[in-house]
Amino acid sequence: MTFSYIHVIGGLVLAIAIIMSVLFTAPNLTAGTQRLRLGVKVLCHTIVGAGFVLCAVMLVWGVITRSETLMYTSMLPLAIALLTSKFMQRNGM
């Protein structure tokens with residue numbers, strides 16, 4: 001299966017549908033906004049945790065196999081985790 005713009009449009013439609021369903025099922029706009037904020041917070045914590053674990057696994061694997069490429073590539077998940085963590089700090093999450 002190849003990647004195409006249909007997949008991007010489908011993902012965008014799914015994201016908008018999830019946001020609309022959360023907002024429309026809330027008793028008021030404030031509660032809906034708080035639910036969305038909680039969802040973003042959980043997603044960010046998941047990304048940070050997965051980024052640190054992936055970095056550690058890739059780094060250990062790179063050291064064991066003596067692969068410099070793998071050791072340097074392991075810094076990408078670390079950078080994503082740190083940037084997501086900084087995003088959470090700036091937005092008070």
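Predicted model: local features only at pLDDT ≥ 70, side-chain atom pairs only at ≥ 80, totals over all residues.
**S21.** Is S21 buried or exposed, or in between? I found S21 partly exposed, because its relative accessibility is 37%. That value lies between the 20% and 50% cut-offs. S21 sits in helix α1. I then took a distance from S21 to H7. The two are 14 residues apart in sequence, and their C-alpha atoms are 21 Å apart in space.

**Helices and layout.** Next I looked up the secondary structure. How many helices and strands does the protein have? I counted four helices and zero strands. Read from the N terminus, the order is α-α-α-α. I then checked how spread out the protein is. The radius of gyration is 18 Å, while the globule rule gives 12 Å for 93 residues. The value is well over the rule, so the protein is more spread out than a compact globule. I also took the box along the principal axes. The C-alpha atoms fill roughly 55 × 40 × 15 Å.

I noted the helix limits as I went. Helix α1 covers residues 5-25. Helix α2 covers 29-65 and α3 covers 68-73. Helix α4 covers 75-90.

**Surface and contacts.** I looked up the accessible surface of the whole protein. It comes to about 7300 Å². Carbon and sulfur atoms hold 75% of that area. Of the 93 residues, 15% are buried. I also asked about contacts between residues with a separation of 6 or more. Residues 24 or more positions apart account for 42% of these contacts.

**A nonpolar patch.** Which residues make the nonpolar surface patch of about 610 Å²? I listed F3, Y5, V8, I9 and V13. One of them, I9, has its place in helix α1.

**Cysteines.** I searched the whole structure for disulfides and found zero. I then took the cysteines one by one. C44 is in no disulfide, and its nearest cysteine sulfur belongs to C55, 19 Å away. A disulfide needs the two sulfur atoms within 2.5 Å, so a gap of 19 Å rules this pair out. Seen from C55, the nearest cysteine sulfur is that of C44, and C55 is in no disulfide either. Are these cysteines buried or exposed? C44 counts as buried because its relative accessibility is 7%. C55 is at 8%, so C55 counts as buried too. The cut-off for buried is under 20%.

**P77.** I moved on to P77, which lies in helix α4. P77 has a relative accessible area of 11%, so I logged P77 as buried. What does P77 touch, leaving out residues up to four places away in sequence? I found G51, L54, C55 and M58. C55 is thus a contact of P77 as well as a buried cysteine. I also took the distance from P77 to A17. They are 60 residues apart along the chain, and their C-alpha atoms are separated by 29 Å.

**R66.** I checked the backbone at R66. Most residues other than glycine have a negative phi. R66 is not a glycine, yet its phi is positive, at about 55°. Where is R66 placed? I found R66 in the loop between α2 and α3. R66 counts as exposed, because its relative accessibility is 75%. The cut-off for exposed is over 50%.

**G92.** My last stop was G92, in the segment after α4.

Notes. Residues numbered from 1 in each chain as written. Heavy atoms only, no water. Buried < 20%, exposed > 50% of the residue type's maximum accessible area, 1.4 Å probe, protein only. Helix = DSSP H or I, 4+ residues; strand = E, 2+ residues; numbered from the N terminus. Rg over C-alpha atoms; globule rule 2.2 N^0.38 Å. Contact = heavy atoms within 4.5 Å. Areas by Shrake-Rupley, 256 points an atom, 1.4 Å probe, with all protein chains shown as cover. Patch = residues over 30% accessible without salt bridge, like charges linked within 9 Å, V, L, I, M, F, W, Y side chains within 5 Å. Salt bridge = Lys/Arg side-chain N within 4 Å of Asp/Glu carboxyl O.
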